[in-house]
Amino acid sequence: MSQLAEHKRRRIDELTARTAEGGGVSLFRDAGRRLLRNPTAIVGATIILLFLVIAIFAPLVAPHDPVQRFPELTKDLTVDNIPGPTAGHPFGSDPLGRDFMSRMIYGARQTMFVGVLATLIGLLFGVLFGAVAGAAGGWIDVVIMRFTDVMLALPSLLLAITLVALARQSTQWTVIVAVAIVNVPIFARLLRGSMLAQRESDHVLAARALGVKRRDIVTRHMLPNSLTAVIVQATLTFAVAILDAAALSFLGLGDPDINRAEWGLMLGVDGVRYFEVRPELAYFPALAIILVALGFTLLGEGMREALDPKNRR
Amino acid sequence: MLRVVSRRLIQLFITLLALMTLIFFWLRSLPGGPVDALLGERATPETRARLIKALGYDEPIWVQYGHFLKNVVTGNFGNSIRTGEPVMDVISRSFPATVELAVAAIIIAIGLGVPLGYLAARHRGRALDNATIILTLVGISIPIFFLGYLLKDWLTQSVHLFPPSGRISTGMDNTDVTGLFVLDGLLTREFDASADALWHLVLPALTLATIPLAIIIRITRASVLDVLDADYIRTAEAKGLRNPTVRKRHVLRNAMLPVVTIIGLQTGALLAGAVLTEKVYNWGGLGTLITDSISGSRDYPVLQALILLAAVVFIVVNLLVDLSYAIIDPRVRVR
């Protein structure tokens, strides 16, 4: 029995794979090839890779410990005078006498961490709800969709502000979770939409006709084919996530840990407060945020172009 | 048409009801409950007991929920914790400032965005197109509060071109009619007040317009490119219609549909952006009110009303957008 099922499954997989292949090249390989020829995606990926390397090797790249206060920097430090570049501290000091360059470098790590985690958590729950709604249909679908309606009735940043404000005490995790939750309804609706389209498609019909179990149809046939739009959206979401995190910091709802080196915090708290004393405290983290956000936006748009079946020759 | 409107209104009502219910139960599930949130942890048991009684928190939760719904329907959101005034008074005082700012921003975004997007599409692949695309990409990647500080630093500190903050110069003797200062000046013929208010409006409106502007440019460009490829444009040109006629009646009109949708969706971005922009320019509207209500101890009655207001505005604007399809696109009218 199980052997028969196994055989059947393999047969269906072959069939569905061939349907997706079209010209004999797999959909994903073809998309990958087009992605590599897409200048937008390449530029975006290069920027991200650069910052990713900095983030991973931060302890090796950074000249100092990002939380250590240096006597030579704190010596002349006042609210109206934050030391600029000196020997050993190429970017100068931050408002607490710490090495600004090291904080910028470690900032890559923290910022990526916040962005990636917020995106992944949002993606996970969005995919879960979207898949359940799309696969189950009926009243489950209605309930989930009405719930996303309620969440989408508020502009995303406003929803994030509300969530953090309602949490009373904000920590790094409230920020991550708030930014993640905001994206759940978007992912859920997107996935549900493609799942519904998949449900009507020929390869699902074929699988059903061959007697494949419902769960296997959902997990092996509908879900993998519906993920494209969600993956593109996730890439674009990353940019929004770090911008939203920065905005929350600016509004005083960010991570209260003064040792945390994260660009959004550095820009939204110190950068803005000391803008007239030392604008670099705002310029550098802002530039870093813009570049990373730009990188993910470019990659996302490139992916959308490359994965769009309309662009297949 | 009427059926569509009534169905959407019912949907709006259900969404708002669900939102209110969520907020109600969330506030009550806070650690220590709303009373602790109001009083802080050092309150004496007597004060606590008095407040619990005054707010009706000693009643069963369903009774409280009923009261809450009744109050919301009658527009009674209680008093602000920070100032003690009725929430509706606080909100209606700040409302016009944000309306003025948001309207100015959307005028800038549409007024610049549609022509720029159109021009970029007509000059596809050339310098103007590329420059526009790069500009829009930066526009959506820049934290707008940073842009606000940047503009403020360059144009009010280094060059004294614009006032750095506020809605009107102190000492300007303006009469308050609608609360929209530019409009008030025109209505009461105090043109100097109008000009002064407009002067204060430029930088905040530009800052707030950034993201909608970038998105409107991109959508217009993409939409015009789609339409330019369409058969009916070739037909129109082939039958010898003059260029301006083709552009206005065939290209722009058909390209506007997605743009209108996006404009509706951007009201959301405007509401959220207003919170950031108003803080940068000390604007004194709803955004400032939100910031004030979340700094330090949270002013829950005000926050709760503001959240509902934002949802209502967002949903109603998008309803209006859907209805405007019928005006732009005759096909929708038939359906």
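## A tour of chains A and B

Select residues 197–217 of chain B. This span is 100% helix and 0% strand, and its end C-alpha atoms are 28 Å apart. Helices here are DSSP runs of H or I with at least four residues, strands are runs of E with at least two, and both are numbered from the N terminus.

Two notes before you go on. Residues are numbered from 1 along each chain as its sequence is written, while chains are lettered from A and ligands numbered from 1 in the order in which they are written. This is a predicted model: local features need pLDDT of at least 70, side-chain atom pairs count only at pLDDT 80 or more, and totals for chains, interfaces and linings use all residues.

**Stop 1: chain B as a whole**

Chain B has 14 helices and zero strands. Its C-alpha atoms fill a box of roughly 85 × 55 × 40 Å along the principal axes. Of its 335 residues, 35% count as buried. Buried means that 20 or more other C-beta atoms lie within 10 Å of the residue's own; exposed means 12 or fewer, and partly exposed is in between, with C-beta atoms placed from the backbone.

Now consider contacts. Two residues are in contact if their C-beta atoms, placed from the backbone, lie within 7 Å. Among contacts in chain B between residues at least 6 apart in sequence, 69% join residues at least 24 apart.

**Stop 2: the annotated spans**

The unreviewed UniProt entry places "transmembrane region" at residues 9–27, 101–121, 133–151, 197–217, 255–276 and 305–328 of chain B. UniProt positions follow the numbering used here, feature names are shortened, and annotations may be inferred rather than shown by experiment. Next, select 9–27 of chain B: 100% helix, 0% strand, with end C-alpha atoms 27 Å apart.

UniProt (unreviewed entry) gives the feature "transmembrane region" for spans including 112–140 and 173–191 of chain A. Residues 112–140 of chain A are 97% helix and 0% strand, with 35 Å between the end C-alpha atoms. Residues 173–191 of chain A are 100% helix and 0% strand, with 26 Å between the ends.

**Stop 3: two crossing helices**

Two packed helices are described by the angle between their axes and the distance between the axes. Select helix 3 (39–56) and helix 6 (100–136) of chain A. They pack at about 105 degrees, with axes 7 Å apart. Axes are lines fitted to C-alpha atoms, for helices over the stretch in contact, and angles run from 0 to 180 degrees between N-to-C directions. Helix 3 and helix 6 of chain A are therefore roughly perpendicular. That word covers 65 to 115 degrees; under 35 is roughly parallel, over 145 roughly antiparallel, and the rest oblique.

Show the side chains. Helix 3 of chain A brings Phe51(A), Leu52(A), Ile54(A) and Ala55(A), and helix 6 brings Ile105(A), Ala108(A), Arg109(A) and Met112(A). By class, this contact has seven nonpolar, no polar and one charged residues. Ala, Val, Leu, Ile, Met, Phe, Trp, Tyr, Cys and Pro count as nonpolar; Asp, Glu, Lys and Arg as charged; the others, Gly among them, as polar.

**Stop 4: covered helices**

Is helix 8 (156–166) of chain A mostly covered or mostly open? Mostly covered: 11 of its 11 residues are buried.

Select helix 12 of chain A. 10 of its 11 residues are buried, so helix 12 is largely enclosed by the rest of the structure. Among them are Trp263(A), Leu267(A) and Asp270(A). The buried residues of helix 12 pack against helix 6, helix 11 and helix 13 of chain A, together with helix 7 (144–158) of chain B.

**Stop 5: where the chains meet**

Show both chains. 32 residues of chain A are in contact with 35 residues of chain B. On the chain A side, elements giving two or more residues are helix 7 (138–152), helix 8, helix 11 (214–250), helix 12 (263–273) and helix 13 (280–307). That side divides into 26 nonpolar, four polar and two charged residues.

**Stop 6: the core**

A nonpolar core is a set of buried Ala, Val, Leu, Ile, Met, Phe, Trp, Tyr and Cys residues joined through C-beta atoms within 7 Å. The largest has 172 residues; those with the most contacts inside it include Val179(A), Ile242(A) and Ala105(B). Helix 11 of chain A gives the largest share, 19 residues. Center on Val179(A). Not counting residues up to four places away in sequence, Val179(A) touches Ala118(A), Ala160(A), Ala241(A), Asp244(A) and Ala245(A).

**Stop 7**

Most residues other than glycine have a negative phi. Arg189(B) has a positive phi, near 60 degrees. Arg189(B) sits in the loop between helix 8 (181–187) and helix 9 (191–228) of chain B. With 9 C-beta neighbours inside 10 Å, Arg189(B) counts as exposed.

Last, find Asn282(B). Its phi is also positive, about 50 degrees. Asn282(B) lies in the loop between helix 11 (243–281) and helix 12 (286–294) of chain B. Asn282(B) is exposed, with 12 other C-beta atoms within 10 Å.
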